[in-house]
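Look it over, then work through the answers.

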Amino acid sequence: MTAKYQLIQKDREQEGIDLDVIQPVVGPPAVDVTRLYRDQGLLTYDPGFMSTASCQSSITYIDGEAGVLEYRGYPIEQLAKEADYLEVVFLLLYGELPNRTQLHEFDDIITHHTMLNERLKEFFGGFHYDAHPMAIMVGVVGSLSAFYHDSLDINSPRHREISAHRLIAKIPTIAAASYKHNVGEPIVYPDNELSYCGNLLHMMFATPCEPYHPNPIAVEAMNLLFILHADHEQNASTSTVRLAGSSLANPFACIAAGIASLWGPAHGGANEAVLEMLTEIGDVSNIDKYIAKAKDKNDPFRLMGFGHRVYKNYDPRANILREMCKKVLTELADNNNPLFELALKLEEIALEDEYFVKRKLYPNVDFYSGIIYRALNIPNNMFTVMFAIARTVGWVSHWMEMMSDPLQRIGRPRQVYTGPPRRDFVSLNRRS
Ligand code: ACO
């Protein structure tokens, strides 16, 4: 549905430009500026994309002011309470919740695609023993395109679906293998008897000499974390996947690009940064000093796990995770670990501090996810990898949506040039 919007140019007060307005199902309308450059020679300027809708999408809806997050129309609170992660994966990929038969079939497909090609395993040996698992993820996921020539026709909906299944199924196996490489243990094969999250824990913590039985609370916590992290509309990594995909790159390369973008501490790397920050703070007695550092504009220190680009009142995912965090800390964690006491105290102080309250800087999903992962004995450098596993379905769903859109074109932002104006070349012997 479109309506007309008038843009009045400052230097031509009398003349207006008619622009279409796109009305979404819910959320703010979007002024369609696609013809602005062609018709008027004007660009729009929006660093950080504060006011730019880069695409139309029917996957996820966020209202940052109201703290609303919905996947395909279903509120995150209901999905978190009722659903299994694979149900949510199906929902994001196909647009509807599966019935019992569809879920059974989908579970079967994912379960039977978890193994890696044996040659792929050799790639892990090429990485230094202490390589960051995210570095391994970027490399190994990108290399999947070298193994699946049978389904790389991005113009074929069936090939795209096969690639989606392979990515969702194999990412946990690659992630667990990255961890095993890091700790110097042999890679553990998937166990088809286990759930998606149970199998991931098994592949991470079982060894050939000792079986591992995933703790049901750990599986429940991971299922919840994965649902909450499954998609978040056009964030940095998803936009990266879309931009990479817009040049018609293969899906494995696109997801590798998304993983690279997620790694940054301002995005998915924040959960790892939260634990590093807590370790640096060290003791409850140091909190005031670090709060003061976070407020000091000349100090680059930020309170990691606080603040969000979109959620300016509260992060609904953080609200849900706070409860799970308490449950995991009570039932699984070493209660003598001073980091947990420190985290809860920091949360309490920051929630009352005027600086944070005024700027609406609340704990985000990563504040609690880092603490939960630590309580599940998952090492810090695997936190962002966990996020990447959960988000793969979001990236893949957006890539599938974009690839099936007849209007999809290569993404090509413009710029406002601020360099020197045209000048003549000066030969080397005439330069001072
Ligand atoms: N600690 C201290 N001050 C902060 C923090 C923080 N974590 N976050 C924002 N601020 C301050 C800024 O200095 C700024 O203050 P000012 O208005 O006095 O200049 C104000 O709050 C607004 O901050 P911006 O950086 O403009 O907000 P933006 O929307 O660009 O950034 C971001 C959002 C990147 C998430 C930021 O809050 C941050 O760096 N947080 C810590 C990292 C983090 O936890 N990231 C995870 C996000 S969730 C996710 O990706 C799944």
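Q: Is Arg166 buried or exposed in this predicted model?
A: The model is predicted. Arg166 has a relative accessibility of 11%. Buried means under 20%. Arg166 therefore counts as buried.

Q: Which residue forms a salt bridge with Arg166?
A: The closest N and O atoms of the pair are 3.2 Å apart. Arg166 lies in helix 7 (residues 157-183), and its partner sits in the loop between helix 6 (133-143) and helix 7, so the bridge ties together parts 16 residues apart in sequence. The partner is Asp150.

Q: How many salt bridges does a search of the whole structure find?
A: Side chains of opposite charge can pair when their charged atoms come close. Arg35, Arg38 and Asp39, for instance, are linked in a network of salt bridges. The search of the whole structure finds 14.

Q: In the salt bridge of Glu185 with Lys180, how far apart are the closest N and O atoms?
A: Glu185 is partly exposed, at 32% relative accessible area. Lys180 is buried, at 1%. Their closest N and O atoms are 2.6 Å apart.

Q: Which helix holds both Glu348 and Lys345?
A: Their side chains meet in a salt bridge, 3.3 Å from N to O. Glu348 is partly exposed at 41%, and Lys345 is partly exposed at 31%. The two are three residues apart, about one turn of the helix, and both lie in helix 15 (residues 338-352).

Q: Which residues does the UniProt annotation "active site" cover?
A: The annotation comes from an unreviewed UniProt entry. Its residues span 59 residues in sequence, yet no two of their C-alpha atoms are more than 10.3 Å apart, so they gather at one spot. One of them lies in the loop between helix 13 (287-295) and helix 14 (316-331). The annotated residues are His308 and Asp366.

Q: What is the relative accessible area of His308?
A: Buried means under 20% and exposed over 50%, with partly exposed in between. His308 falls in the partly exposed class, with a value of 22%.

Q: Which residues form a positive surface patch?
A: One member, Arg359, lies in the loop between helix 16 (354-358) and helix 17 (365-375). Arg359 counts as partly exposed at 39% relative accessibility. The patch is formed by Lys297, Arg302, Lys358 and Arg359.

Q: How far apart in space are Leu275 and Ala343, C-alpha to C-alpha?
A: Leu275 lies in helix 12 (residues 270-281). Leu275 is buried, at 1% relative accessible area. Leu275 and Ala343 are 68 residues apart in sequence, and their distance in space is 9.0 Å.

Key. Residues numbered from 1 in each chain as written. Predicted model: local features only at pLDDT ≥ 70, side-chain atom pairs only at ≥ 80, totals over all residues. Heavy atoms only, no water. Patch = residues over 30% accessible without salt bridge, like charges linked within 9 Å, V, L, I, M, F, W, Y side chains within 5 Å. Areas by Shrake-Rupley, 256 points an atom, 1.4 Å probe, with all protein chains shown as cover. Salt bridge = Lys/Arg side-chain N within 4 Å of Asp/Glu carboxyl O. Lys, Arg positive; Asp, Glu negative; His and termini not counted. Charge placed at Lys NZ, Arg CZ, Asp CG, Glu CD. Helix = DSSP H or I, 4+ residues; strand = E, 2+ residues; numbered from the N terminus. Buried < 20%, exposed > 50% of the residue type's maximum accessible area, 1.4 Å probe, protein only. UniProt positions renumbered as here; feature names shortened; annotations may be inferred.
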